[in-house]
Every structure is written in structure tokens, then in C-alpha cells.
Amino acid sequence: MKLSKEQQRGRRHNRVRSKVEGTTAKPRLSVFRSLSSMYAQLIDDSTGKVLVSASSLKIKKCKKEEAAKQVGMEVAKLAKAKKITKCVFDRSGYLYHGRVKALADGAREGGLQF
């Protein structure tokens, strides 16, 4: 029986989330990728609160990978304002390739350390 791509991603997501947990000192940088947009959030799992969030909805038209990099830089800028420098990267079951990698690179350029 062959699994669909969404079922495969769900299995990878569960496997990654069992190992990755954000704390107050190192929140979790969670990524969501839709067909047209990218979303990123810094989450403190111990309290269940979102500390910082950004998306590509407000970014003017450009290529998807460039928009993802800008989202990563925006999250890093907002995190610096809240004095957050370290985080744990949660790719949400997506392969570390393309837009997900671009977002991570943008966050690193902005000053976040994973």
C-alpha cells in the first residue's frame, strides 16, 4: 500500500515533533508551507504561547523562495526585539529543501541560532 505525500509528511511530522520541544530559553521555530504562502512562528511549548509570528502574506510579489527568506529574516528581527537569540527548528515534516531551507537561512542571517 502506497502512502500519499500528505500521509508521508504526517508521519515525518509526528516523528520530528516527538523529538523537538521548545522552552522559554529556546522556543520552537515552527514552519507551515501552503501552496502560495509561508508562515513561521516562535512557540514556547512549556506555556503553549506563540511569542513571534510572520508570514509571506504582507510581502510584495516575488518568487516563493525569496519570500520565504524574507519571512525568516522578519521572524529573526521580531525575535531580536523580544531578546530571543536561540531557537529549535521544527520543519513540520517538510523536507529541508527549497522554501523551508530558504526560511531557515533567512532566520540565520537575521541572527537566530538553531
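**Notebook: a walk through the chain**

I started with Lys 83, which counts as exposed because its relative accessibility is 76%. My cut-offs, with a 1.4 Å probe and protein chains only: buried is under 20% relative accessible area, exposed is over 50%, and partly exposed is in between.

A note on what I am looking at: this is a predicted model, where local features need pLDDT of at least 70, side-chain atom pairs count only at pLDDT 80 or more, and totals for chains, interfaces and linings use all residues. Residues are numbered from 1 along each chain as its sequence is written, and side-chain values use heavy atoms, with hydrogens and water left out.

**Entry: the whole chain**

I looked up the secondary structure and found three helices and four strands. Along the sequence I read them off as α-β-β-β-α-β-α. Helices (H or I, at least four residues) and strands (E, at least two) are DSSP runs, numbered from the N terminus.

How does the radius of gyration of the chain fit a compact globule? A compact globule of 114 residues would have a value near 13 Å, so the 14 Å of the chain agrees. I took the radius over C-alpha atoms, and the globule rule is 2.2 Å times the number of residues to the power 0.38. The C-alpha trace spans about 50 × 35 × 20 Å along its principal axes.

Of the 114 residues, 38% count as buried. I also checked contacts, meaning heavy atoms within 4.5 Å. Among those between residues at least 6 apart in sequence, 60% join residues at least 24 apart.

H2 has 18 residues, which should span 26 Å at 1.5 Å a residue; its end C-alpha atoms are 26 Å apart, so the two agree. For any helix, I take the expected span as 1.5 Å times one less than its number of residues.

The buried residues I listed in H2 are Ala 67, Ala 68, Val 71, Gly 72, Val 75, Ala 76 and Ala 79. Their cover includes S1, S2, strand S3 (49-55) and H3.

I picked out Val 75, which lies in H2. With 1% relative accessibility, Val 75 counts as buried. Leaving out residues up to four places away in sequence, Val 75 touches Leu 29, Ala 40, Leu 42, Val 52, Ala 54 and Leu 112.

**Entry: helix H3**

H3 (residues 99-110) has twelve residues and reaches 16 Å between its end C-alpha atoms, close to the 16 Å expected. I found Arg 99, Val 100, Ala 102, Leu 103, Ala 104, Gly 106, Ala 107 and Gly 110 buried in H3. These pack against strand S1 (28-33), strand S2 (38-44), helix H2 (64-81) and strand S4 (88-90). Gly 111 follows H3 and has a positive phi, near 120°.

Most residues other than glycine have a negative phi. I noted two residues with a positive one.

- Ser 92 has a phi near 55° and sits in the loop between S4 and H3.

Is Ser 92 buried or exposed? Ser 92 counts as buried because its relative accessibility is 6%.

**Entry: the pockets**

On a 1 Å grid over the protein atoms alone, a pocket is an open set of points where a 1.4 Å probe fits, with protein on both sides within 12 Å along at least five of seven lines; lining residues have an atom within 4 Å of a point. Grid points are joined across faces, edges and corners, and a volume is the space filled by probe spheres set on the points.

The largest pocket holds about 390 Å³. I counted 14 lining residues, of which Lys 5, Arg 9, Arg 12, Arg 33 and Tyr 94 lie nearest the centre. Which element gives the most to this lining? H1 does, with five residues.

By class, this lining has four nonpolar, four polar and six charged residues. I count Ala, Val, Leu, Ile, Met, Phe, Trp, Tyr, Cys and Pro as nonpolar, Asp, Glu, Lys and Arg as charged, and the others, Gly among them, as polar.

Arg 9 lies in helix H1 and is buried, with a relative accessible area of 18%. Leaving out residues up to four places away in sequence, Arg 9 touches Ser 92, Gly 93 and Tyr 94.

The second largest pocket has about 180 Å³. I found Ser 36, Leu 57 and Cys 62 among the residues that line it.
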